[in-house]
Amino acid sequence: MYKAIIENKGDSRYFATTRHDSFVLDTEGRGSNPIDTLLASLCGCMGHYVRDYLVEHQIMHSGFAIDAEAGVTPDKTRLAGIKVRIDLKELRLDGQQAAEMLKFIEKCKVHKILRENPGVTVLLTGHKEN
């Protein structure tokens with residue numbers, strides 16, 4: 001199971017702890033913005049599958065880069081869409097390899113949840129019910 005916890009200590013920072021690491025989120029510039037972190041998570045997940053594809057097919061490479069950017073809706077209440085670019089640097093795949101890689105990286109769980117939009121359940125704990 002995946003898990004993340006954030007703790008706020010009264011200011012704009014959120015101290016995030018995951019199963020293997022911790023980092024700071026902040027909406028005022030003293031840590032990663034939560035939306036930027038979401039995009040980084042998408043890039044990291046897709047990167048895992050890009051690397052696995054290259055290794056599985058014994059394609060030599062010297063690294064790659066993935067970037068994602070998102071626009072916002074005019075009312076600024078949600079993301080308008082996410083565009084991801086995969087830069088294989090000097091590596092050139094033929095058409096079949098490129099299509100296979102794109103299909104392979106669809107296994108990325110972050111990509112799937114963003115693409116399929118299954119919804120999020122939010123529960124409030126620690127409150128007294130009437």
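Trainee: Is I82 buried, partly exposed or exposed?
Mentor: This is a predicted model, and I82 sits in strand β5. Its relative accessibility is 33%. Buried needs under 20% and exposed needs over 50%. I82 therefore counts as partly exposed.

Trainee: Which residues does I82 touch, not counting residues up to four places away in sequence?
Mentor: I82 belongs to strand β5. Contact means heavy atoms within 4.5 Å. On that basis I82 touches L39, L42, A68, E69, A70 and L114.

Trainee: Is L42 buried or exposed?
Mentor: L42 is placed in helix α1. Its relative accessibility is 2%. The limit for buried is under 20%, so L42 counts as buried.

Trainee: Which residues are in contact with L42, leaving aside its neighbours within four places in sequence?
Mentor: L42 is a residue of helix α1. One of its contacts is I82, which lies in strand β5.

Trainee: What is the C-alpha to C-alpha distance between L42 and F15?
Mentor: L42 and F15 are 27 residues apart in sequence. In space, C-alpha to C-alpha, the value is 20 Å.

Trainee: Which residues make the contact between α1 and α3?
Mentor: The two axes come within 7 Å. From α1 the residues are L38, S41, L42, C45, M46 and Y49. From α3 they are K109, V110, H111 and L114.

Trainee: How many residues of each class are in the contact of α1 with α3?
Mentor: L42 and L114 are among the residues in this contact, and Leu counts as nonpolar. By class, the contact has seven nonpolar, two polar and one charged residues.

Trainee: Which type of aromatic pair do Y49 and F104 form: stacked, tilted or edge-to-face?
Mentor: The ring centres of Y49 and F104 are 6.1 Å apart, with 65° between the planes. Planes over 60 degrees apart count as edge-to-face. So the pair of Y49 and F104 is edge-to-face.

Trainee: How many residues apart in sequence are the parts that this pair ties together?
Mentor: Y49 lies in helix α1 (residues 34-56). F104 lies in helix α2 (residues 95-104). The pair therefore ties together parts that are 55 residues apart in sequence.

Trainee: Are Y49 and F104 buried or exposed?
Mentor: Y49 has 12% relative accessibility. F104 has a relative accessible area of 12%. The limit is under 20%, so Y49 counts as buried, and F104 is buried.

Trainee: Which residues do ring pairs link into a cluster?
Mentor: The count comes to two aromatic pairs. One of them is formed by Y49 and F104. The cluster is Y49, Y53 and F104.

Trainee: Where does K9 lie relative to F15, and at what distance from the ring centre?
Mentor: K9 lies over the face of F15. From the ring centre, K9 is at 4.8 Å.

Trainee: What is the phi of Q58?
Mentor: Q58 is in the loop between α1 and β4 (65-72). Its relative accessibility is 69%, so Q58 counts as exposed. Q58 is not a glycine, yet its phi is positive, at about 50°.

Trainee: What about the phi of K76?
Mentor: K76 is placed in the loop between β4 and β5 (79-87). It is exposed, with a relative accessible area of 67%. K76 is not a glycine either, and its positive phi is about 60°.

How values were computed:
Residues are numbered from 1 along each chain as its sequence is written. This is a predicted model: local features need pLDDT of at least 70, side-chain atom pairs count only at pLDDT 80 or more; totals for chains, interfaces and linings use all residues. Side-chain values use heavy atoms; hydrogens and water are left out. Rings of Phe, Tyr and Trp (its six-membered ring) pair if their centres lie within 6.5 Å; planes under 30 degrees apart count as stacked, over 60 as edge-to-face and the rest as tilted. Helices (H or I, at least four residues) and strands (E, at least two) are DSSP runs, numbered from the N terminus. Buried means under 20% relative accessible area, exposed over 50%, partly exposed in between (1.4 Å probe, protein chains only). A charge sits over a ring if NZ of Lys or CZ of Arg is within 6 Å of the ring centre and within 35 degrees of the ring normal. Axes are lines fitted to C-alpha atoms, for helices over the stretch in contact, and angles run from 0 to 180 degrees between N-to-C directions.
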